[in-house]
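Please look at the sequence and the structure shown below. The report that follows describes how its parts are arranged.

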Amino acid sequence: MALSQDQKKRFRKIAHHLKPVVMIAENGLSEGVLSELERALEDHELIKVRINVMDRDDKKVVIDAICSSTKAELAQVIGKMAVIYRPAKKQNPKLSNLVRLQD
């Protein structure tokens, strides 16, 4: 489910005003963090994640682990922020950032 350039552009525009819903520190991905990521992706579909890891290579490993474990797609990485997308099984218009923040 690779994202097209148009989708990435649209998701970046929507995510610009979002605040990070999950923050990952030096401890990495714990069960609690993964469950919160699952909940946030199911509710909001498009989320921002703050990754407070010093090493650039470690940050890439964490982002890859997030995407593979949640079956989500990476839309953008800027600094310590990652924008991640996964379509919900059942979209909730009141919670979905894609519905609430459309152009």
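Thr70 is found in helix α3. The model is a predicted one, in which local features need pLDDT of at least 70 and side-chain atom pairs count only at pLDDT 80 or more, while totals for chains, interfaces and linings use all residues. Residues are numbered from 1 along each chain as its sequence is written, and side-chain values use heavy atoms, with hydrogens and water left out. Helices (H or I, at least four residues) and strands (E, at least two) are DSSP runs, numbered from the N terminus.

Is Thr70 buried or exposed? Its relative accessible area is 3%, so Thr70 is buried. Here buried means under 20% relative accessible area, exposed over 50%, and partly exposed in between, with a 1.4 Å probe and protein chains only. Apart from neighbours within four places in sequence, Thr70 is in contact (heavy atoms within 4.5 Å) with Leu37, Glu38, Leu41 and Arg86.

## The packing of α2 and α3

Two packed helices are described by the angle between their axes and the distance between the axes. The axes of α2 and α3 cross at roughly 65 degrees and come within 11 Å. Axes are lines fitted to C-alpha atoms, for helices over the stretch in contact, and angles run from 0 to 180 degrees between N-to-C directions. On the α2 side, the contact is made by Leu34, Leu37, Glu38 and Leu41, and on the α3 side by Ile66, Ser69 and Thr70. These residues of the contact between α2 and α3 divide into four nonpolar, two polar and one charged. In this scheme Ala, Val, Leu, Ile, Met, Phe, Trp, Tyr, Cys and Pro count as nonpolar, Asp, Glu, Lys and Arg as charged, and the others, Gly among them, as polar.

## The sheet

In which order do the four strands form the open sheet? The order is β1-β2-β4-β3, and the pairing is mixed. Two strands pair if DSSP finds at least two bridges between them. Because β1 and β3 stand at the edges, each with a single partner strand, one side of each is left without a neighbour in the sheet. Neighbouring strands of this sheet are turned against each other by 25 degrees on average, direction ignored.

| Strand pair | Bridges | Direction |
|---|---|---|
| β1 and β2 | three bridges | parallel |
| β2 and β4 | five bridges | antiparallel |
| β3 and β4 | five bridges | antiparallel |

Val22 has Val49 of β2 as its bridge partner, and Ile24 has Ile51 of β2. From β1 the chain crosses through helix α2 (residues 31-44) to β2, and this β-α-β crossover is right-handed. A crossover is right-handed if, with the strands pointing away from the viewer, the path from the first strand over the helix to the second runs clockwise.

Ile47 stands opposite Ile84 in β4, and Ile78 stands opposite Met81 in β4. The hairpin of β3 and β4 has two residues between the strands, and Gly79 there takes a positive phi near 60 degrees.

Why is strand β2 largely enclosed by the rest of the structure? Five of the six residues of β2 (residues 46-51) are buried, so the strand is largely enclosed. Helix α1 (residues 5-15) lies across β2, β3 and β4 and runs at about 55 degrees to β3. Helix α2 lies across β1, β2 and β4 and runs at about 150 degrees to β2.

## Residues in the loops

Most residues other than glycine have a negative phi, and most peptide bonds are trans. Glu45 has a positive phi near 70 degrees, although it is a residue other than glycine. Glu45 sits in the loop between α2 and β2 and counts as buried, at 4% relative accessibility. Lys71, which is not a glycine, also has a positive phi, of about 55 degrees. Lys71 is placed in the loop between α3 (56-70) and β3 (73-78), and with a relative accessible area of 67% Lys71 is exposed.

Pro87 belongs to the loop between β4 (81-85) and α4 (97-100). Pro87 is partly exposed, with a relative accessible area of 33%. Pro87 and Asp43 are 44 residues apart along the chain, and their C-alpha atoms are separated by 9.5 Å.
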